[in-house]
Amino acid sequence: MTTFNVPTRETAPEAARSIFDALKQQVGMVPNLYATAGYSPATLKASLDFSHAVEGNAFRQREVQAINLVVSQVNDCSYCLAAHTTLAKMNGFSEDETLELRTATYDDAKLGPVLRLAKELTEGRGRASDAAVQAFFDAGYDNAALIELIALVSIKTFWNYVHNTTDVPVDFPAAQPLPALEVA
């Protein structure tokens with residue numbers, strides 16, 4: 001596999017440096033995944049802008065982290081699982097709950113249908129069952145929320161693909177492995 005070096009502020013393209021500076025100021029670091037996307041400053045900026053535009057409308061930060069976890073689990077992205085497990089815990093989820101979020105088994109009348117739909121959208125490459133969509137609407141969400149959920153799944157899939165292709169080092173504590181399923 002090709003080795004991708006994580007750019008530093010000094011080695012990144014000039015247009016990425018101000019984005020790196022803003023990230024460092026906002027989160028205290030430039031995560032390796034974002035730094036790697038900095039090879040294309042336009043892509044880094046557009047993806048961050050897209051995320052910020054969508055988050056906080058139909059879904060609060062806590063729900064966004066839950067969505068990010070289930071999508072990252074389906075896409076088998078160790079980087080995003082690590083990052084969003086950390087962020088989910090910062091948003092009040094326990095370690096055990098993060099495992100339930102990843103498998104869309106979290107028992108919550110409002111968030112459960114969101115997770116199941118996000119999982120189906122990711123597994124089905126944008127296609128989900130009528131039952132999953134209806135359960136989402138029955139939980140009180142509207143058409144705008146559906147479009148925003150699709151946007152969140154899409155942007156998280158982008159980041160999952162960036163890591164799964166580049167395999168840059170994970171700079172967050174590793175996510176706990178899912179328990180093995182018992183075979184009867």
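Reply: Before we begin, a term that the discussion needs: helices are DSSP runs of H or I with at least four residues, numbered from the N terminus. Please keep in mind that this is a predicted model.

Me: How many helices and how many strands does the protein chain have?
Reply: From the N terminus on, the elements run α-α-α-α-α-α-α-α-α. The count for the protein chain is therefore nine helices and zero strands.

Me: What radius of gyration does the protein chain have, and what would a compact globule of 184 residues have?
Reply: The C-alpha trace spans about 50 × 40 × 30 Å along its principal axes. For 184 residues, a compact globule would have a radius of gyration near 16 Å. The value for the protein chain agrees with this, at 17 Å.

Me: Which percentage of the contacts between residues at least 6 apart in sequence joins residues at least 24 apart?
Reply: A contact here requires heavy atoms within 4.5 Å. Among the contacts between residues at least 6 apart in sequence, the share that joins residues at least 24 apart is 69%.

Me: What percentage of the residues is buried, and what part of the accessible surface belongs to carbon and sulfur atoms?
Reply: Buried residues make up 41% of the 184 residues. The accessible surface of the protein chain comes to about 9700 Å². Of that surface, the part belonging to carbon and sulfur atoms is 54%.

Me: How far apart do the centres of the positive and negative side chains lie?
Reply: The protein chain has 14 positive and 22 negative side chains. The centres of these two sets are separated by 4 Å.

Me: Which backbone oxygens lie 2.9 Å and 3.2 Å from a polar atom of the side chain of Arg-17?
Reply: Arg-17 is placed in helix 1, residues 14–27. Leaving aside neighbours within four places in sequence, Arg-17 is in contact with Arg-9, Glu-10 and Ala-12. The backbone oxygen at 2.9 Å from a polar atom of the Arg-17 side chain belongs to Glu-10, and the one at 3.2 Å belongs to Ala-12.

Me: Is Ser-51 buried or exposed, and which residues does Ser-51 touch beyond four places in sequence?
Reply: Ser-51 is found in helix 3, residues 41–54. Its relative accessibility is 12%, so Ser-51 counts as buried. Not counting residues up to four places away in sequence, Ser-51 touches Ile-155 and Trp-159.

Me: Where is Ala-104 found, and what is its phi?
Reply: Ala-104 is in the loop between helix 6 (95–102) and helix 7 (111–123). Because its relative accessibility is 8%, Ala-104 counts as buried. Most residues other than glycine have a negative phi. Ala-104 has a positive value, near 60 degrees.

Me: Where does Asp-167 lie, and how does Asp-167 count in terms of accessibility?
Reply: Asp-167 lies in the segment after helix 9 (143–166). Its phi is also given as positive for a residue other than glycine, near 55 degrees. The relative accessibility of Asp-167 is 48%, so it counts as partly exposed.

Me: What distance separates the C-alpha atoms of Ala-174 and Tyr-79?
Reply: Ala-174 lies in the segment after helix 9. At 70% relative accessibility, Ala-174 counts as exposed. Ala-174 and Tyr-79 are 95 residues apart along the chain, and their C-alpha atoms are separated by 7.9 Å.

Me: Is Gly-92 buried or exposed, and which residues does Gly-92 touch beyond four places in sequence?
Reply: Gly-92 lies in the loop between helix 5 (78–90) and helix 6. The cut-off for exposed is over 50% relative accessible area, and Gly-92, at 52% relative accessibility, counts as exposed. Not counting residues up to four places away in sequence, Gly-92 touches Arg-62 and Glu-97.

Me: Which residues does Leu-111 touch beyond four places in sequence?
Reply: Leu-111 has its place in helix 7. With a relative accessible area of 7%, Leu-111 is buried. The C-alpha atoms of Leu-111 and Leu-101, 10 residues apart along the chain, are separated by 9.3 Å. Not counting residues up to four places away in sequence, Leu-111 touches Glu-63, Ala-66, Phe-93, Leu-101 and Tyr-106.

Terms used: Residues numbered from 1 in each chain as written. Predicted model: local features only at pLDDT ≥ 70, side-chain atom pairs only at ≥ 80, totals over all residues. Heavy atoms only, no water. Helix = DSSP H or I, 4+ residues; strand = E, 2+ residues; numbered from the N terminus. Rg over C-alpha atoms; globule rule 2.2 N^0.38 Å. Buried < 20%, exposed > 50% of the residue type's maximum accessible area, 1.4 Å probe, protein only. Areas by Shrake-Rupley, 256 points an atom, 1.4 Å probe, with all protein chains shown as cover. Lys, Arg positive; Asp, Glu negative; His and termini not counted. Charge placed at Lys NZ, Arg CZ, Asp CG, Glu CD. Polar contact = N/O pair within 3.5 Å; in protein donor to acceptor, adjacent residues only side chain to side chain.
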